[in-house]
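Hi everyone, thanks for coming.

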2 protein chains.
Amino acid sequence: MAPSAITASSQHNHEGDQDLDLTTAIEHKIINSGWTLGKPAKPASSLEPLDASQIKVDFTTSPRAVPTPEAANAGPETICTDHMIIAKWTVSEGWSMPHLKPYGPLELMPTASVLHYATECFEGLKCYRGFDGKLRLFRSRRNAERMLMSSLRISLPGFDPCELEKLMIKLLSVDGPRWIPRSRPGTFMYLRPTMIGTQSQLGVMCSREAMLFIICTFMPQLDSPQGGMRLHTSPEDMVRAWVGGFGYAKVGANYGPSLLATNEAREKGYHQILWLYGKDMECTEAGASNFFVVWKNRDTGRTEVVTAPLDNRLILDGVTRASVVELARKRCPEVDVIERKYTIVEVMEAYEEGRLMECFAAGTAVSLLS
Amino acid sequence: MAPSAITASSQHNHEGDQDLDLTTAIEHKIINSGWTLGKPAKPASSLEPLDASQIKVDFTTSPRAVPTPEAANAGPETICTDHMIIAKWTVSEGWSMPHLKPYGPLELMPTASVLHYATECFEGLKCYRGFDGKLRLFRSRRNAERMLMSSLRISLPGFDPCELEKLMIKLLSVDGPRWIPRSRPGTFMYLRPTMIGTQSQLGVMCSREAMLFIICTFMPQLDSPQGGMRLHTSPEDMVRAWVGGFGYAKVGANYGPSLLATNEAREKGYHQILWLYGKDMECTEAGASNFFVVWKNRDTGRTEVVTAPLDNRLILDGVTRASVVELARKRCPEVDVIERKYTIVEVMEAYEEGRLMECFAAGTAVSLLS
């Protein structure tokens, strides 16, 4: 359960940090799982695989001053570290050599697939500087495997998730020592692996070119707002995801369309939307996070932690969600952890009958109680 | 019904074409409609509106050779004309001066909203060079108004659709004479206005910066394939759009997620997906086009042209769809044109009973009979 410690590279050591190269640190975790979730566009034998060991490295010659997290998060833009990793893919050649290079803008043709057809997916995970001085990623393999699933769902290429994980760690090995320094124990940064379709082609078709990029950014520390988080149920004409859709995949198409309802809720003084589904008004997600209710069972009086199930593929299989479920099952024998459909009517009944104990949202970006 | 003729600008006249500036040619069409479909992020009074008359013009100094449509469409990339128009927007300032400039790549930060959250929408319409030598756009106002609706649905900014239409015509006035020349009567090119969220911010929020760009491209002439177009019904676990979703808006999020099913259908020898909806398996769209069936009514024997309705907001309110409906109602009194829910079971029954006369898809990119 605990994040395993990773240590940072001495290859590009701005501050004389003594951390070691952490690309080797996860070798023991390399197992060939997940990679067969879908087939590549061509027989894999004729295509180059994504291979972290082939990485080409170009360090910045003008490293920026590292802001405090508070200063970094105060502005309207997300602040990234000095470097990013990019790997390009084509349907005929497979993956290019990954390239670690100075952070900067991407050049895309106006006809690029991603700008028109939302051929895009991403992941988000935090890297923590522990009070023991070590850098840790939380269950990064799960994010890498989910990224593969999302990529195939949006008709972008496959890859070995272990290689993606190695690339994430490579970026941290370079930028971690200076941007999440030992002098700031207890702080974190955020990794955002992203894949986009880059073919310059307006036909509605699978993109025959793609780009994977990994960036490392500051991210606000989201604490529960004063008085708890206020959720507004989704309006009747706004459904986030549906059975047969793609609510389970971390693709851009789940996010942009949700902004309108979220903004309207904020204008009314709420923080997020509680997304309901179907005529029974099942609770699915809150904002862009998984959602849990804790109540007393009306018949047995036992405490239940209830969250929406994964089997109808409406919701994201959250890494934090899974961790909450596993932790509660393992450590809290007095509590029943239940993954099932539950409705807003049940939540309201529990509230009215005094059985509702709490609700919370769980996600990487934020883990809030309300 | 007939496209109104537009003539090309003498401002940037590569071939001595005698066409006139067509930004003035549509002044008579300027009415303030559609613009109130949604409210802007701030009171309009304090923000700059999109204003085509403010356009800044920088012509290319190296115009490219104009390929034949056949050569242009043979490659893997969509070929664009020499210029594009860009206008930028911020939540605090509103719209910048539009800029007509040489066609070329866009620079986006890796954190740009559009690359993660699919904050994007577009339009597509054709410009025809008539056999009378005139350039014509087909009902461009409708596309401009739909673009506004799509933009607001995906939480991008509002604008006056008349200004968007003027900008489209401005681009054609510059590139039309050379790229769709009088020497090629009966040919066309394709206009693609696109809006993307450009704020460099990974928080899931409305983008506070956006870019509108308009490009003009070649597009293959899609004729009905030999033996007609073969459609495969959508798999049970693949739903294109749903009631409460955004199937009616031309946003990227409707396209990328549909590619997987389309690709699978193509691998089985079909051309497109016939998207079904709900447990009754209503017919909605075919590929990315509206879909029509023509059958004899079982009871009356009259010919009916049937297509899915707009009221549940599942399908795109297609400009070609509307034109087919209007034309058939006006010109074919012997035919009943009906917009209603109809199911694949009804289509199969009509086929089995010998009542099915034809089916066709209708869209700007393609208008096929099968």
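Let's start with strand 15 of chain B, residues 289-296: six of its eight residues are buried, so this strand is largely enclosed by the rest of the structure. By buried I mean that 20 or more other C-beta atoms lie within 10 Å of the residue's own, with 12 or fewer counting as exposed, anything in between as partly exposed, and C-beta atoms placed from the backbone. Strands here are DSSP runs of E with at least two residues, helices are runs of H or I with at least four, and both are numbered from the N terminus.

A word on the source: this is a predicted model, where local features need pLDDT of at least 70 and side-chain atom pairs count only at pLDDT 80 or more, while totals for chains, interfaces and linings use all residues. Residues are numbered from 1 along each chain as its sequence is written, and chains are lettered from A and ligands numbered from 1 in the order in which they are written.

So which strands does strand 15 of chain B pair with in the antiparallel sense? Pairing means that DSSP finds at least two bridges between two strands. Strand 14 (residues 282-286) is one partner, over two bridges, with B:Ala286 opposite B:Ser289. These two strands make a hairpin with two residues between them, and B:Gly287 in the turn has a positive phi of about 60 degrees.

Strand 16 of chain B (residues 303-307) pairs with strand 15 over five bridges, and there B:Lys296 stands opposite B:Thr303. That is a hairpin too, with six residues between the strands and a positive phi of about 80 degrees at B:Gly301 in the turn. Strand 18 of chain B (residues 356-362) joins strand 15 over six bridges, and B:Glu358 is the bridge partner of B:Val294.

Now for the two chains. In total, 54 residues of chain B contact 54 residues of chain A, where contact means C-beta atoms, placed from the backbone, within 7 Å. On chain B's side, helix 2 gives the most, with four residues. Strand 6 (residues 106-108) of chain A also pairs with strand 6 of chain B, antiparallel over three bridges, and A:Leu108 has B:Leu106 as its bridge partner.

Finally, 100% of the interface residues of chain B are also interface residues in chain A, so the copies meet through the same surface. Thanks, and I'm happy to take questions!

Notes. Contact = placed C-beta atoms within 7 Å.
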